[in-house]
Amino acid sequence: MEGEANGTLHPSCHATEPPYSQELLQSLDLPGRFLFAILTLMTLIANLVFIEEVVYIYRKISSSKRSIIIWINAAAPVIATTSCFGMWIPRSTMFTDFTAAVFFAIVIHKFLLMMIKECGGQKLLLRRFENGHFKISTGPCCCCCLCLPRVRITRRTLFWLKLGTFQFAFLRPVLMFLSIVLWTNGNYTLYNLSPKGAAIWINCFIGVLTILALWPVGIMFQQVRTLLICKKIIPKFALYQFILILNHLQAAVINILAMQRIIPCAPPLSSSARGAHMTQQLLIMEMFLITVISRMVYRRRYDDLEPPECMAEEVGDNKSILNGAVSEDGLQV
């Protein structure tokens, strides 16, 4: 820091690559080593909590929902684990970030499928909302376009919603593979966002795909949140949103600050490497908390929704009771 004030920078501040793990560990003081130990312990506990949750799901949850719920619950522990590897081995940051991003792309698709499953499956959902319409003027794509017409809920519209999330789960690994291939040839650098580099164009394309994938989830949530309130869908959706914001938006903000050198370098970490390091440490703590909260939300057993026929019969019975009460009142008068 004194070197920066005097106008002289440490050679590592100009480094284009993060340091090796040996260099980083040798530069740590006692509080830094204690922080590394605590964060590693938090990652281990998060994984143990997840494993215990998987055992519970296999014992208590029906087979049709097991894999989907396990995938969704695994998001926070997987991100914590990849962040822990990136914290210990700074040069692996690109690969750990790619792994976490690909996994969460699949989780976005699984969350949409979970909402459909909680409604009883696609057939029962179509029967429940037989004459209903989707509100498509919702975030993050069209939240300001209130004039957009509502779309009727049909098998075709459900297909397009599932396709919207599936394209991201499919294309994100493809783009990761392309990035690694370009990186081996020197055309892709994680911190080089100049127009001549491939990173800026790939990241912009990923941003568009992300928005298109989040839109169907928002549309479906707006439609089923009242029906699935007994299944605690709102807390589940909030946890999913928190992971999305912390893993993507928070990381993007910190990376921008680091590239502008607002986050100063701290040898042996350059500004960009230090920003990535801060992101990983924050994610470990945040994903640990989300793992614990997810265990409380998903561990409870919820009763299945009543079939549409039973709901219609109950409505008919209630109407007949009301009509009978009205006729009796009329006779008494």
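Predicted model: local features only at pLDDT ≥ 70, side-chain atom pairs only at ≥ 80, totals over all residues.
Figure 1. Two or more lining residues are given by each of α4 (63-73), α5 (75-88), α6, α10 and α11 (271-299). Helix α10 provides the largest share of this lining, with four residues. By class, the lining of the largest cavity consists of eleven nonpolar residues, two polar residues and one charged residue.

**Figure 2. Close-up of the largest pocket and its lining.** The largest pocket contains about 1,000 Å³ of space. A set of 34 residues lines this pocket, and Asn-203, His-248, Ala-251, Ala-252 and Asn-255 lie nearest its centre. The elements that contribute two or more residues to the lining are α5, α6, α8 (155-184), α9 (198-224), α10 and α11. As with the largest cavity, to which α10 gives the largest share of the lining, the largest share of the pocket lining comes from α10, here with ten residues. The lining of the largest pocket divides into 21 nonpolar, eleven polar and two charged residues.

**Figure 3. Packing of helix α6 against helix α10.** Two packed helices are described by the angle between their axes and the distance between the axes. Helix α6 spans residues 93-118 and helix α10 spans residues 233-259; the two pack at an angle of about 165°, with their axes 12 Å apart. This angle therefore makes α6 roughly antiparallel to α10, the limit for that description being over 145 degrees. The crossing of α6 past α10 is left-handed. On the α6 side, the contact involves Ala-100, Phe-104, Ile-108, Phe-111, Met-114, Met-115 and Glu-118. These residues meet Ile-233, Lys-236, Phe-237, Tyr-240, Ile-243, Leu-244, Asn-247 and His-248 of α10. The residues of this contact comprise eleven nonpolar, two polar and two charged.

**Figure 4. Packing of helix α4 against helix α6.** The axes of α4 and α6 lie 8 Å apart, and the helices pack at an angle of about 140°. This value makes α4 oblique to α6, because angles must be over 145 degrees to count as roughly antiparallel. The two helices cross in a left-handed sense. From α4, the contact includes Ser-64, Lys-65, Ile-68, Trp-71 and Ile-72. Their partners in α6 are Phe-103, Ile-106, Val-107, Lys-110, Phe-111, Leu-113, Met-114, Lys-117 and Glu-118. Nine nonpolar residues, one polar residue and four charged residues make up this contact.

**Figure 5. Packing of helix α9 against helix α10.** The axes of these helices come within 12 Å and cross at roughly 160°. Helix α9 is therefore roughly antiparallel to α10, and α9 passes α10 in a left-handed crossing. Leu-214, Val-217 and Phe-221 form the α9 side of the contact, and Ile-233, Ile-234, Phe-237, Tyr-240 and Leu-244 form the α10 side. By class, the contact contains eight nonpolar residues, with no polar and no charged residues.

Figure 6. The phi angle of Lys-232 is near 60°, a positive value in a residue other than glycine. A cis peptide bond, with omega about 10°, joins Pro-267 and Pro-268.

Terms used. Residues numbered from 1 in each chain as written. Heavy atoms only, no water. Axes fitted to C-alpha atoms, helices over the stretch in contact; angles between N-to-C directions. Parallel < 35°, antiparallel > 145°, perpendicular 65-115°, else oblique. Left-handed = near helix turned anticlockwise from the far one by under 90°. Contact = heavy atoms within 4.5 Å. Nonpolar A, V, L, I, M, F, W, Y, C, P; charged D, E, K, R; others polar. 1 Å grid on protein atoms, 1.4 Å probe; cavity = no way out; pocket = protein on both sides within 12 Å on 5 of 7 lines; lining within 4 Å. Points joined across faces, edges and corners; volume = space filled by probe spheres on them.
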